[in-house]
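Please keep the sequence and the structure in view while reading.

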Amino acid sequence: MVLHHLGTPSTEREARSLHEELPSDPILDGKLTSHLVIGADLTADASPDMLINKTVSAFGRIDALVNNAGICQFAQADTVTKSLLQTHMDVNYTAAYLLTRAASQQMVHQGSGGSVVSISSITALLGSARLTHYAPTKAALLAMSKSFAVEYGAHGIRYNCVLPGTVHTTMNREDLAVNGKKELLESRVPLGRLGYPGDLAGAVTFFASDMSAYISGQDIVVDGGASINYQ
């Protein structure tokens, strides 16, 4: 398994901490291997190909890619600058596209299929204030996955998306603390709470594994039922 992080001291600490929680020396094709931690800014031109190449160099193949890198800076629409808009597009969509393309080409070369899972957002389907610059980048992942699913389906490669609702992260901690927003959002969730990163693991594992071997170009909403609550 390869764990990617941004390449800063804080993200490296987080990645190393997760690395320590994983089983050591997994067996891959009869050979003992180690998990790999790679730091890179995916908006840099060479980073997506570098990440794929290092993975192949270490493990010989790629079976699944999870596009999870993202940025979300809350801002009123009339304050969004061209630079902020471009940054969100670069991180949330362009980097995912380039990684998906590079991984797909490697999977084609391997000849045994594979899976690409992209973490989109419920905002790709539903409107949200202060996210007019963010939501379109997440909608782009849906369209990207469907088009890749058609173009590379003959090679046995599947492309699907997971759409989280509001999940507790460092990115939205300050926003949730403003004017009782956390409590308001929780009141709209039938399951009674906001999500945590671990709540996404099941859906991601399902799409990445053979359990979804005949599913491609699809998405799963993981939001505790919030999006179907019309009360």
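## Helices and their contacts

E12 and R16 lie four residues apart in helix α1 (residues 9-21), so about one helical turn separates them. Helices here are DSSP runs of H or I with at least four residues, numbered from the N terminus. The side chains of E12 and R16 form a salt bridge (3.7 Å, N to O), meaning a side-chain nitrogen of Lys or Arg within 4 Å of a carboxyl oxygen of Asp or Glu. The whole structure has six salt bridges.

This is a predicted model, in which local features need pLDDT of at least 70, side-chain atom pairs count only at pLDDT 80 or more, and totals for chains, interfaces and linings use all residues. Residues are numbered from 1 along each chain as its sequence is written, and side-chain values use heavy atoms, without hydrogens and water.

Just after α3, G111 has a positive phi of about 80°.

Helix α2 (residues 47-59) also contacts α3 (heavy atoms within 4.5 Å). The contact includes L51 and I52 of α2 and L98 and L99 of α3.

Key
Helices (H or I, at least four residues) and strands (E, at least two) are DSSP runs, numbered from the N terminus. Axes are lines fitted to C-alpha atoms, for helices over the stretch in contact, and angles run from 0 to 180 degrees between N-to-C directions.
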